[in-house]
Amino acid sequence: MIHHASTATNIAAPLGNEAKPGHGFLSLQGLSKRYSEFVAVDAVDLDVNQGEFVSLLGPSGCGKTTTLRMIAGLVQASGGRIVVAGRDLTAIPPFRRDMGLVFQSYALFPHMSVAGNIAFGLEMRGLSRSEISNRVTEAIALVRLEGRENRRPSELSGGQQQRVALARALVIRPSILLLDEPLSNLDAKLRDEMRTEIRDIQRRLGTTAIFVTHDQDEALTMSDRVVVMNHGRIEQTGTPEDLYERPRTPFVASFVGRTNRFSGTALGRSVKLGDTLVHSATEANGPADVMIRPHRITISTGSAAASGGQNTLSGIVRRMTYAGNLLQYDVLAGDLTFQVEEATLGSGRALAPGTTVTLSWSAQDTLVFEAKP
Amino acid sequence: MEEKPVSPVLKVLAAFGFLFLLAPVLIVVPLSFSNDVFMSFPPSGYSLRWYIAIGANAKLLDAFLFSVKLASLVTVVNILIAVPASYALIRKAPFGADAIMSLLTAPLLLPTIVLGLALLIVMARAGYLATPQGIFLAHLVVTLPYALRVIATALSTLPIAVEEAAATLGASPLSVFFRITLPMLMPGIVAAAALSFLVSFDEVVLSLFMNGPKVTTLPVELYHHVESRADPLVAAASVLLVVFTLAVVIIVDRSLGLAKTFVK
């Protein structure tokens, strides 16, 4: 059984090579799940490198959790293949897949101690008593739960329970760590801590991780790459920066980060929004969706001069909301209402409703999507 | 945490409620210590003579032993049937699982007299009338619905994610069942066992239909005793039964937490 452990260690070492289609460490090929009248996952193709942290991001019902459960083997795929390290796992039952899954509900074994929970997967692998004890001690240290080995899960706080779940999934040295919204039952402050902690541990161990979330902040801050899903399909796969700066669909632009969204008519490198003409950096024609991030718009009093390629509009502040780190304004410019965000600098400038202001932003911050007929 | 004070009116009502439920039982207690030859309340004198009489009554003691053996066997077989049956119906949810569950729990809804008559006819045909096998099967029919209901309910409230977690950690379906599902189901199994035992031990109507010279349960023997004689022996036996039943409940509760099982 030591043989088994050493293979697992070798698998966990990152290779760092680029994923070519069909050649990732984890490769989903046309993966689908159909229920009688409903397609939950529709022909998903995805390649994940060894050691990579990839998030599946989307609204509820987009198929992200079903995809994860198919990877774990808890849901049978209706079509397509799941390949890990060149081995087709599609028909393999979950207990032979060698994956670690962390559940949203933690799903700890209530009748076992913390140490018992963590040891379970090792016992199932038939490891020796001393090996199990060493690895459990190591895993408990990894998630900083020393001294709580003999507690029952019900005696732990939510964050501690989540750590036990993480240790239990990692101690078997899984080929892939699967995380199903693991932070959504924690309060905001703890969630931030756990984000960093999960990411640190994953980097240190070099484990390949798939993280399912509906929270765009989590996806952007934790991931090497993010897969945005909608209606069972992949909308876009890319680095957090790709998704935020270069969204390929209106769905991605509106789901990842906040936006001002308008409908208009694209005329080459400018778009007509009602009576207003704004400049963009991309070529487009015909009916179009236009999005501008609220924090990319600069708000200033008086009439600031527009520099080259800049959009400048004058308007009137209609509403001001103080949100601590941000000031949020609704500004009426012509017949368009813009949401504008400005970081608070402690200097105390807040523009009262009724103030005449100038909005400006650069052409490349106007995201234009030709409307699909 | 501040507790709402209970209004005195509610307290009085509750006291009356308990009195109404328990008064007949409470009357039995002084009656059992009677020194009279016939049951009369209040007794003219007190003694332990009827308790001593029980010890000398071989028929009653045999019936008690028979009842305990019967109830124990019924309980064990019930659990052996109800656990796999619930697992199949709840976890595997085959086509028609609801219908099968309704069918298996139907004896709960039937008037016991109808069931007794039906069993009488069937057992007579099969030659099981007045045999231990016959009474065992009859008790199984009326107690299985309780065991099945309790265990199925307990199983359906177990979070399935816990079993899934065990599977992803490398546990085969059999390991998941014995290492995870069964231990988590234990409170439900204990509750089902206690219920099966008490229902079987207490069963009168079916036992009357099925009984014979060698297969007489305690309640039937007591019933026959009351029919033929009116001495306070039955009262003494009743008090002992109450004590015995309470002892079963307390032992189960102390060892495994019955209150937790039923309340949660």
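# Briefing on a predicted model

Residues 1-19 of chain A have a pLDDT that stays under 50, and the model gives this stretch 24 contacts beyond four places in sequence. The model is predicted. Over chain A as a whole the average pLDDT is 87, and 91% of the residues reach at least 70. The points below cover chain A, one of its sheets, a helix of chain B and the aromatic rings.

**Chain A overall**

- Chain A holds 9 helices and 18 strands.
- The C-alpha trace of chain A spans about 75 × 45 × 40 Å along its principal axes.
- Chain A has 373 residues, of which 52% count as buried.
- Taking the contacts in chain A between residues at least 6 apart in sequence, 67% join residues at least 24 apart.

**A three-stranded sheet in chain A**

- Strands of chain A form an open sheet of 3 strands in the order S11-S12-S18, with antiparallel pairing.
- S11 and S18 (367-370) of chain A each have a single partner strand and stand at the edges, so one side of each lacks a neighbour in the sheet.
- On average, neighbouring strands of this sheet are turned by 45° against each other, with direction ignored.
- Strand S11 (residues 260-273) and strand S12 (residues 276-292) of chain A run antiparallel and are joined by 13 bridges.
- Two of the residue pairings across these strands can be named: A:Arg261 has A:Met291 in S12(A) as its bridge partner, and A:Ser270 stands opposite A:His279 in S12(A).
- S11(A) and S12(A) make a hairpin with 2 residues between them, and A:Gly274 in the turn has a positive phi of about 65°.

**Helix H7 of chain B**

- In helix H7 (residues 160-168) of chain B, 8 of the 9 residues are buried, so this helix is largely enclosed by the rest of the structure.
- The buried residues of H7(B) are B:Ala161, B:Val162, B:Glu163, B:Glu164, B:Ala165, B:Ala166, B:Ala167 and B:Thr168.
- From chain A, the elements that pack against these buried residues are helix H2 (64-72), strand S6 (99-102), helix H3 (114-124) and helix H5 (158-170).
- From chain B, H3 and H8 pack against the buried residues of H7(B) as well.

**Aromatic pairs**

- The count of aromatic pairs over all chains is 13.
- One of them joins A:Phe251 and A:Phe255: the ring centres are 5.5 Å apart and the planes stand at 10°, so the pair is stacked, a class that takes planes under 30 degrees apart.
- A:Phe251 and A:Phe255 both belong to helix H9 (residues 250-255) of chain A and lie 4 residues apart, about one turn of the helix.
- An α-helix has 3.6 residues a turn, so residues three or four places apart point the same way.
- B:Tyr87 and B:Phe177 have ring centres 5.2 Å apart and planes at 85°, so this pair is edge-to-face, a class that takes planes over 60 degrees apart.
- This pair links distant parts of the chain, with B:Tyr87 in helix H3 (residues 58-92) of chain B and B:Phe177 in helix H8 (residues 173-202) of chain B, 90 residues apart.
- B:Phe177 is buried, at a relative accessible area of 15%.
- Ring pairs also link B:Phe64, B:Phe197, B:Phe201 and B:Phe244 into a cluster.

**Arginines over rings**

- A:Arg168 lies over the face of A:Phe109, 4.5 Å from the ring centre.
- A:Arg293 lies over the face of A:Tyr244, 4.0 Å from the ring centre.

Key:
Residues are numbered from 1 along each chain as its sequence is written. Chains are lettered from A and ligands numbered from 1 in the order in which they are written. This is a predicted model: local features need pLDDT of at least 70, side-chain atom pairs count only at pLDDT 80 or more; totals for chains, interfaces and linings use all residues. Side-chain values use heavy atoms; hydrogens and water are left out. Two strands pair if DSSP finds at least two bridges between them. pLDDT is the predictor's confidence in each residue, from 0 to 100. Contact means heavy atoms within 4.5 Å. Axes are lines fitted to C-alpha atoms, for helices over the stretch in contact, and angles run from 0 to 180 degrees between N-to-C directions. Rings of Phe, Tyr and Trp (its six-membered ring) pair if their centres lie within 6.5 Å; planes under 30 degrees apart count as stacked, over 60 as edge-to-face and the rest as tilted. Buried means under 20% relative accessible area, exposed over 50%, partly exposed in between (1.4 Å probe, protein chains only). A charge sits over a ring if NZ of Lys or CZ of Arg is within 6 Å of the ring centre and within 35 degrees of the ring normal.
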